[in-house]
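Please keep the structure open while reading these notes. They take up one topic at a time.

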Amino acid sequence: MSDYSILIQGIKRKTGIDLSLYKEAQMKRRLTSLYEKKGFRDFREYFEAIQSDKEMLDEFLDRMTINVSEFYRNAIRWNVLEKKILPQLLEKNKRLKVWSAACSTGEEPYSLAMVMATHIPLRDISILATDLDAGVINRAKVGLYGERSLKEVPKSIVSKYFVKEGQSYQVVEEIKKTVTFKQHNLLEDRYDSNYDLIVCRNVMIYFTEEAKDQIYTNFSKALKPGGVLFVGSTEQIFNPEKYNFESVDTFFYRKK
């Protein structure tokens, strides 16, 4: 058995995370640089160290999850959400059930709240935001971001929903209150149902085809008929009908 296979099996036993469902070449590259930096010779040696060192395990989990995010990432798509998708959803229901999956450090669910607030009062907005990594969830709850994260945010939104603190920007409490953060593994944990909108962007590219198929199937089951899945700009679904979806705009899929 290869040392990488030993790591895969050990991590699954210890954390429930199945690394075999992540693209192997990308994951190996990312983790090799980590264990070499720590002075280990191979994956087997590295896993033995992880077993007894919680700090090292947390660092491993942080490295294997993809925590690159920013507000209004690919702003043109957020404009489509605001001007086209949300009005259609709100015609049917004024209290939308919304999930930001693989939310990383919180930029995405907070962006969602800000966009939804152009249509409905903040008190009527409730967003579930989930991620595999407890560390990034804790950072998301704080809601403090560097200027680089805000580069695509309209100036009017920055002045309305952020407070400048030194070189950083703090999300205002009214926005933070609209989002509930929880830990969730897209490949292992149960999905809730009857969502009007699920946003999951820029994470599927790291999964195998088998894992993507499983997640898209579960997203479809989690959406109510007419509900919409919003994916990242490198994650077009080429066979949406397989998951009972139809394309309503680029990177937006409605459940039939």
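This is a predicted model: local features need pLDDT of at least 70, side-chain atom pairs count only at pLDDT 80 or more; totals for chains, interfaces and linings use all residues.

1. Strands of a sheet pair through backbone hydrogen bonds, and the pairing can be parallel or antiparallel.

2. How many bridges join β4 to β5? There are four, and the two strands run antiparallel. Strand β5 covers residues 168–171. Within β5, Ser168 is the bridge partner of Glu165.

3. Ser100 belongs to strand β1, which spans residues 98–100. Is Ser100 buried or exposed? Ser100 counts as buried because its relative accessibility is 0%, and the cut-off for buried is under 20%. Its side chain makes a polar contact with the side chain of Glu108, at 3.0 Å. Leaving aside neighbours within four places in sequence, the residues in contact with Ser100 include Pro109, Leu112, Ile127 and Val199.

4. The count of disulfides is zero. The sulfur of Cys103 has its closest cysteine sulfur in Cys200, 10 Å away, so the two are too far apart for a bond. A disulfide would need the sulfur atoms within 2.5 Å. Seen from Cys200, the closest cysteine sulfur is that of Cys103, again at 10 Å.

5. Both of these cysteines are buried: Cys103 has a relative accessible area of 1%, and Cys200 has a relative accessibility of 1%.

Note on methods: Residues are numbered from 1 along each chain as its sequence is written. Side-chain values use heavy atoms; hydrogens and water are left out. Two strands pair if DSSP finds at least two bridges between them. Buried means under 20% relative accessible area, exposed over 50%, partly exposed in between (1.4 Å probe, protein chains only). A polar contact is a pair of N or O atoms within 3.5 Å; within protein, one must be able to donate a hydrogen and the other to accept it, and residues adjacent in sequence count only if both atoms are side-chain atoms. Contact means heavy atoms within 4.5 Å.
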